[in-house]
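Please open the structure in your viewer and keep the selection panel at hand.

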Amino acid sequence: MRVLGIETTCDETAAAIVSVERSGESKILSNEVLSQIAAHAAYGGVVPEIAARAHVEAIDRIIARAFASAGLKPGDIDAVAAAAGPGLVGGVMVGLTAGKAIALATGKPFIAVNHLEAHALTARLTDDLAFPYLLLLVSGGHTQLLAVRGVGDYLKLGGTIDDAVGEAFDKIAKMLALPYPGGPSVEREAAKGDPERFDFPRPLQGRANPDFSLSGLKTAVRLVAERIAPLSDNDVADLCASFQAAIVDVMVDRTRAGLRACRDAGITPSTLVVAGGVAANQAIRGGLMRLATEAGLPMVAPPLELCGDNGAMIAWAGLERLRLGLVDDMAAVARPRWPLDALSPKPATAA
Ligand code: ATP
Ligand code: MG
Ligand code: FE
């Protein structure tokens, strides 16, 4: 079973082909990602109109490359999956339309994938991971704790009441004039700095509700940066290290509350999973590893190249849906917002 996956919800134009063999073994046959980082760098963030145009310019080439590097032709796949949201709707429409066109031309089933579900299921592409599991989903636009009970079956336990974690990293980077995207820049600087120099707040620490709040932490970093300006290279490194240390503590504390909430809901998770672009952060992975050990659970995080947006995660979510018979029709629409807990394991139709 082979599925083509197309991703255009943000600033990566991506296409990939993923397969499951008869033995049950899953494989990534190709995974092509074209990042638009250079196009957005000057603005310190993603500009929706520039992103949509860049997707239009790149989409044909990226899909052709996904087939070429897998050594396959369009007729060789069993289904086409495209991310239908949530995301920047101009970009989503580009990938969604390309996916529908290939499905129509080849006569294969089409699957409109929720981008967050793709992040949520990615760990099952590379690991033998059983439902239910507790998921910390941390990305540019989302920060949530979810009990993943099955494909299309998510119980949201908590989420951020203000900024997403990736957004906080990006804003701190912009504030400190570090290169876009902010997450990797802040992590790089943090490695050189002193995590104890500044004692930043750990918002909501100890609360039973597994929610997050990050805007106060961001403001605290800004106030210290303004107080000690002009900033030396060491100051920047220490600010990043101290900020990242606070983030790790918050992620660990909130996920601990998530574990409790999960069990209170009568769900015994098999595993602690972290996914989304921010899951690439080694300090956060380390903190969650310690929490998993404390809780007596295994911890799984996708390989680094599958944390940020990519086509393989869309193809994989499509494949998981296809084998349950969950396919969509050509009426599937692009959705700027599409919460995971609104998904149904039943076949989706247009909203
Ligand atoms: P969403 O998935 O919520 O729709 P998105 O697709 O834009 O948003 P992702 O591509 O999943 O987000 O993740 C990108 C985010 O991850 C950015 O905010 C980026 O700064 C952050 N990020 C990437 N690498 C790291 C890292 N090493 N440490 C911290 N944050 C990181
Ligand atoms: Mg991106
Ligand atoms: Fe994403």
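How far apart do the C-alpha centres of domain 1 and domain 2 lie? In this predicted model, the separation of the two centres is 27 Å.

**The two domains**

Begin by colouring residues 2-121 together with 306-342 as domain 1, and residues 134-304 as domain 2. The contact between them involves 20 residues of domain 1 and 25 residues of domain 2. On the domain 1 side, α1 (37-41), α4 and α11 (311-322) are the elements that each give two or more residues. The most comes from α4, with four residues. By type, the residues on this side of domain 1 comprise 11 nonpolar, five polar and four charged.

**Ligand 1 and its shell**

Next, select ligand 1 and display the 24 residues around it. The residues that come nearest are Gly-140, Gly-141, Gly-166, Gly-183 and Gly-277. Now highlight α4 (115-121), α6 (165-175) and α7 (182-190), each of which supplies at least two residues of the shell. Of the elements, α7 gives the most, with four residues. The shell as a whole consists of six nonpolar, 15 polar and three charged residues.

An unreviewed UniProt entry places the feature "binding site" at Leu-137, Val-138, Ser-139, Gly-140, Gly-141, Asp-170, Gly-183, Glu-187 and Asn-281. Select Gly-140, in the loop between β6 (133-138) and β7 (143-150). Gly-140 has 24 other C-beta atoms within 10 Å and is therefore buried. Beyond residues up to four places away in sequence, Gly-140 touches Cys-10, Ala-164, Gly-166, Glu-167, Asp-170 and Gly-277. Then move to Gly-141, which is also placed in the loop between β6 and β7. With 17 other C-beta atoms within 10 Å, Gly-141 is partly exposed.

**A second annotated group**

The unreviewed UniProt entry also places the feature "binding site" at His-115, His-119 and Asp-309. These positions are spread over 195 residues of sequence, yet they cluster in space, with a largest C-alpha distance of 8.8 Å.

Select His-119, which is in helix α4. Is His-119 buried or exposed? His-119 counts as buried, since it has 27 C-beta neighbours inside 10 Å. Apart from residues up to four places away in sequence, His-119 touches Leu-137, Ser-139, Ala-275, Gly-276 and Met-313.

Continue to Asp-309, found in the loop between β10 and α11. Asp-309 is buried, with 26 other C-beta atoms within 10 Å. Its contacts, leaving aside neighbours within four places in sequence, are Glu-7, Cys-10, Glu-12, Ala-14 and Gly-277.

**The five-stranded sheet**

Finally, switch to a cartoon view and trace the open sheet, whose five strands follow the order β8-β7-β6-β9-β10 with mixed pairing. The edge strands are β8 (153-159) and β10 (299-300); each has a single partner strand, so one side of each is left without a neighbour in the sheet. Strands of a sheet pair through backbone hydrogen bonds, either parallel or antiparallel. Strand β9 (residues 272-275) runs parallel to β10, and two bridges join them. To locate this pairing, select Val-273 together with Val-300, its bridge partner in β10.

Conventions
Residues numbered from 1 in each chain as written. Chains lettered and ligands numbered in written order. Predicted model: local features only at pLDDT ≥ 70, side-chain atom pairs only at ≥ 80, totals over all residues. Near = placed C-beta within 6 Å. Nonpolar A, V, L, I, M, F, W, Y, C, P; charged D, E, K, R; others polar. UniProt positions renumbered as here; feature names shortened; annotations may be inferred. Buried ≥ 20, exposed ≤ 12 C-beta atoms within 10 Å, placed from the backbone. Contact = placed C-beta atoms within 7 Å. Pairing = 2+ DSSP bridges. Domains from an automatic or database assignment.
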